[in-house]
Amino acid sequence: DYLLSHMYSNAARDDLWSKLTQAMHSEGRDIDIGEMMDRWTLQMGYPVLTISKNQSEQLSTRYITITQEHFLYGEEVRKNISLQWQVPLTVAVGNTSTVCLESLIWINSRTGTVPLEMPPNISESLFPLMS
């Protein structure tokens, strides 16, 4: 659709982001690709994600906490706490030979806590895998 609508004409980056946003909405995902990509292409630096999981055996639901920090390599490293990115993150519960559950989450804020849907009767060796 994007290629046909811009055939024999010029297109700006916002034209592509708009078409990709429409595609996400048609799949039932409320994601603004333009806003996400502006953070990746117009902001200086990159996000560094730190992921930790709760270790409490008393809780029936397990959680992971994800925080992001601004990273900038250079002579004068400046940390800007106002910069944030929207980061797609695939979370799977499993080990090196078995994946029981996989889901895509979006990190939209500085810190977020996500519940892990742990399958019943899981082995203690299973843990969240992120990519």
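**Close-up views of the predicted model**

**Figure 1. Buried residues of helix α3.** In helix α3, which spans residues 33-42, the residues I33, G34 and M36 are buried. These residues lie on the same side of α3, because the arc they cover around the axis is only 160°. At the start of α3, a side-chain oxygen of D32 comes to within 3.0 Å of the backbone nitrogen of G34. The structure shown in this and the following views is a predicted model.

**Figure 2. Residue Y8 in the loop between α1 and α2.** Y8 belongs to the loop that lies between α1 (2-5) and α2 (13-26). Most residues other than glycine have a negative phi. Y8 is not a glycine, yet its phi is positive, at about 65°. With a relative accessible area of 79%, Y8 is exposed, since the cut-off for exposed residues is over 50%.

**Figure 3. Residue L116 in strand β5.** Strand β5 comprises residues 111-116 and includes L116. The relative accessibility of L116 is 7%, so this residue counts as buried, the limit being under 20%. A separation of 7.0 Å is found between the C-alpha atoms of L116 and I64, which are 52 residues apart along the chain.

**Figure 4. Setting of the close-up views within the protein.** The protein contains three helices and six strands, arranged from the N terminus on in the order α-α-α-β-β-β-β-β-β. Of its 131 residues, 24% count as buried. Among contacts between residues at least 6 apart in sequence, 54% join residues at least 24 apart. The accessible surface amounts to about 9,100 Å², and carbon and sulfur atoms account for 54% of this surface.

Terms used: Residues are numbered from 1 along each chain as its sequence is written. This is a predicted model: local features need pLDDT of at least 70, side-chain atom pairs count only at pLDDT 80 or more; totals for chains, interfaces and linings use all residues. Side-chain values use heavy atoms; hydrogens and water are left out. Helices (H or I, at least four residues) and strands (E, at least two) are DSSP runs, numbered from the N terminus. Buried means under 20% relative accessible area, exposed over 50%, partly exposed in between (1.4 Å probe, protein chains only). The arc is that of the directions from the helix axis to the C-beta atoms. A polar contact is a pair of N or O atoms within 3.5 Å; within protein, one must be able to donate a hydrogen and the other to accept it, and residues adjacent in sequence count only if both atoms are side-chain atoms. Contact means heavy atoms within 4.5 Å. Accessible areas come from the Shrake-Rupley method with a 1.4 Å probe; for residues, only the protein chains shown count as cover.
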